[in-house]
Amino acid sequence: MSEFVTYPSNWIITSIGAVCDFHSGAGFPVDMQGLSDQDLPFYKVKDVSIAWLANSTQLLSTEHSLSYADANYIKAKPVPEGAVIFAKIGEALRLNRRALAPKTCLIDNNLMGISAPQARLASRYLYWFSVATKFDVDARASVVPSIRKSDIENVPFPLPPINEQVRIVTKLEELLTDLDAGVSELKTAQKKLVQYRQSLLKAAVEGVLTAEWRQNNKATETGAQLLERILIERRARWEAKQLAKFKEQGKAPSKDWQKKYPEPVQPETTDLPELPDSWVWASVEQLGNVQLGRQRSPNKVGKANPTLYIRAANITEAGVDLNDVLEMEFSETEKETFALKFGDVLLTEASGSPQHVGRPAIWKHTEGLYCFQNTVLRFSPQGISSEYAFYSFLAMQKLGVFSKLSGGVGINHLSAGKFSRLPVPLPPAAEQIALNDCIEECFAKCDELKIHIVHSLKQSAAQRQNILRAAFAGQLVPQDQNDEPASVLLERIRAERAELTKQPKVRKTKPNKEITIVASKLMDVLKDAGDWLPAQEAFRRCGVADGAETNRIEELYAELRELDKAKRLEVEPVKDKQGRKLYDKLKLRAD
C-alpha cells in the first residue's frame, strides 16, 4: 500500500509486526465441541464468513465454547476482545473476509488474529486497514494457499497520529454506511426485477397481460378453433406420411390403417386457473412434437465422422451457448432424426438443480449441422410460433411447474412423457403475436435496468476501494498539526514492547500439596451440582486439569470406579445432531 503514495508528514510507515500482537488458533477436539454456554466462544472459519455475509464487523454467536480450564487443557490461548480475525489457509484466505472478536474468545487453527491496545491504535483502525489489504498476495504457492505470522509481520502499515486514527475511522464508517445503504437498495432492486419478470410471465399465460388488447381486437379465430385446426393438420400430416411409406414399400394401404393414428394426449385441466373466453387449454403434445435427444455413448466419441451436439450445459438464460460444444458420432439415419432445425425450442431435460430443469431456448442457428443429446428435449411447434412456445415454457420454469414435476436421485429429470402431458394456455394466433411483442418489450426494459444495476454495483465496489485507499493514504480527513506525530507514538510502542520482553516468563509448575489438599471429592462435586454435569467440568472442579499430579488423577478414577460399583453414578453420552458423541455427562444417583 505504501508504493506510489505520498503520506502526510506526521505519519510514519512501519509494519504490522511492529505495532500488533499476533494470536494463533488451536486444534479443537470433536469431543469438546457443541457446548454454547461456556466462558470462551470458540470460533471457526465459517463464523468469520457468517459475520461477513451478514454485513457485521463483529463475529456473531457460535455453537461452540469452552471453559478457561478446558482451554488451558487443550493449550488454546484466549484472543482479546477487538482482535481482527481472519482465515490463514485454504480458499477462505482468498475471500479476504475479516471480523472483530466481540469478547475474549478462542479461534481454531485455521484462523489467525492480530490486535493492538487502544493506546497504540484507535478502535477499528486496524480492522479497516486489514479489510483494505489482501493478505493472500503473499500466500505460499501450493495446492492449498496459506500464510504465516512471518508473512503478515512485514506488511507495510501506515501509522497516523492516534487522534487522526479516530477521525479516519469516524469518517470512513460514515461514508461506507452511506455507500452500503445504496448497495442494499440496488440489490433490492435486482431481486424485485427478478420478481417482476416472474409476475410478467404469470400475467402473460393467464391472459392478464393482453386484456386491453382483447378489448380492442376481436378474435377472428378463437383458441379452441385454432386448436381444432392444429389437430386436423396434425392428423393430415400423419396420414400423408403413412401413405408415403406404403408407396415406398409398394404396398396398398392396409385395412383400417387410419385407425392406428396416435391421438395426442388431452390436457388435464383440473385445478387450473380460468382462462379468457377466447383461450383454451391444450397439451404440449397437441401443439408440437416432443423428442428426447440421443444417449451419449463412449463408443460414439472420437470416430471418423464426429458431429457437433447440444447438451444441457449449452442451454443458458441468454440462449444456446456454442462456445463449448462437444462432438460424437451420429450415423446418417441418426443425423436425420436428431438434426436441429431453425425454430426448434430446446429445454434442459436434466440438471443437478430442480430450478434449472426445463430451461428453454430457441434454436436460431442456420449454419452447420448440430444434433442434440438426451439431456435435452426438443419441441418442434406446429400451429404456434416458437416465440410463444418459448415464453410459455419459460413461465413454467420460472413459476416452478417443471421443478415440481421433475424427479430423480442427484440429477433431476423432466422426461419427454411428463413434459408432453403438461397443459399449455392457447390464445388466438393474433393474440399470441401481441403477447410475444409485449413480453419482449417489457423484458428489454428489464434487461436495460439489469445492466444499469450491475454497472452501479461495480461502481459502488470501486468507490468502496477508493474510500479505503484514501483513508490509509491520509487523504480522507484533514491533518491537525497539534496531534502528536506518529513517530513519537511508534517510539512509545517500541519502548512498551521492549519492556514487556524484559519481564520474566511465568513458568508452569505442578500444583503443590496445598492445592491437592483442597481438591474436592467427585461425590461432593456431583452432590453440590444436583444435576447433570459434563465430565470435563466435574474433573475440573475436582482439581484435575492440565498440570494435575498423576496421583490426583489416579485418585479421581478410583473414586469413579467406586461410585459406579456402588451404583451411585449415572453416565449419559451427549451427542450432536448427527448422532456423534460429544462428551459424557455425570450425575449422582439418588440414595
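**Note on the predicted model**

1. Ser 199 has its place in helix α7; helices (H or I, at least four residues) and strands (E, at least two) are DSSP runs, numbered from the N terminus. With a relative accessibility of 45%, Ser 199 counts as partly exposed, a class lying between buried (under 20% relative accessible area) and exposed (over 50%), with a 1.4 Å probe and protein chains only. Ser 199 and Lys 398 are 199 residues apart in sequence, and their C-alpha atoms are 9.6 Å apart in space.

2. On the basis of the note: residues are numbered from 1 along each chain as its sequence is written, and side-chain values use heavy atoms, with hydrogens and water left out. The model is predicted, so that local features need pLDDT of at least 70 and side-chain atom pairs count only at pLDDT 80 or more, while totals for chains, interfaces and linings use all residues.

3. The chain as a whole contains 19 helices and 25 strands. Of its 591 residues, 43% are buried. Among contacts (heavy atoms within 4.5 Å) with a separation of 6 or more, 76% are between residues 24 or more positions apart. The chain exposes about 32800 Å², and carbon and sulfur atoms supply 51% of that area; the areas come from the Shrake-Rupley method with a 1.4 Å probe, and for residues only the protein chains shown count as cover.

4. The largest nonpolar core has 43 residues. A nonpolar core is a set of buried Ala, Val, Leu, Ile, Met, Phe, Trp, Tyr and Cys residues joined through side-chain atoms within 4.5 Å. Ile 16, Tyr 125, Trp 128, Phe 157, Leu 172 and Phe 472 have the most contacts inside the largest core. Several elements each supply at least two of its residues, including α1 (16-19), β9 (156-159), α7 (162-205) and α14 (429-471). Helix α5 gives the most, with 7 residues. A second, separate core of 39 residues includes Ile 230, Val 280, Trp 281 and Leu 394.

5. Because 8 of its 8 residues are buried, α5 is largely enclosed by the rest of the structure. Among these buried residues are Tyr 125, Trp 128 and Phe 129. Tyr 125 and Phe 129 also belong, with Phe 157 and Phe 472, to a cluster linked by ring pairs.

6. Aromatic pairs number 19 under this rule: rings of Phe, Tyr and Trp (its six-membered ring) pair if their centres lie within 6.5 Å, and planes under 30 degrees apart count as stacked, over 60 as edge-to-face and the rest as tilted. The rings of Phe 28 and Phe 42 are stacked, because their centres are 3.7 Å apart and their planes at 0 degrees. Phe 28 lies in the loop between β2 (21-24) and β3 (40-43) and Phe 42 in strand β3, so the pair ties together parts 14 residues apart in sequence. Both Phe 28 and Phe 42 are buried.

7. Two charges sit over rings, that is, NZ of Lys or CZ of Arg is within 6 Å of the ring centre and within 35 degrees of the ring normal. The charged end of Arg 197 is placed over the ring of Phe 443, 4.1 Å from its centre. Arg 294 lies over the face of Phe 330, at 4.5 Å from the ring centre.

8. Most residues other than glycine have a negative phi. Asp 271, not a glycine, has a positive phi of about 65 degrees; Asp 271 is in the loop between α9 (223-248) and β10 (280-283) and is exposed, at 78% relative accessibility.
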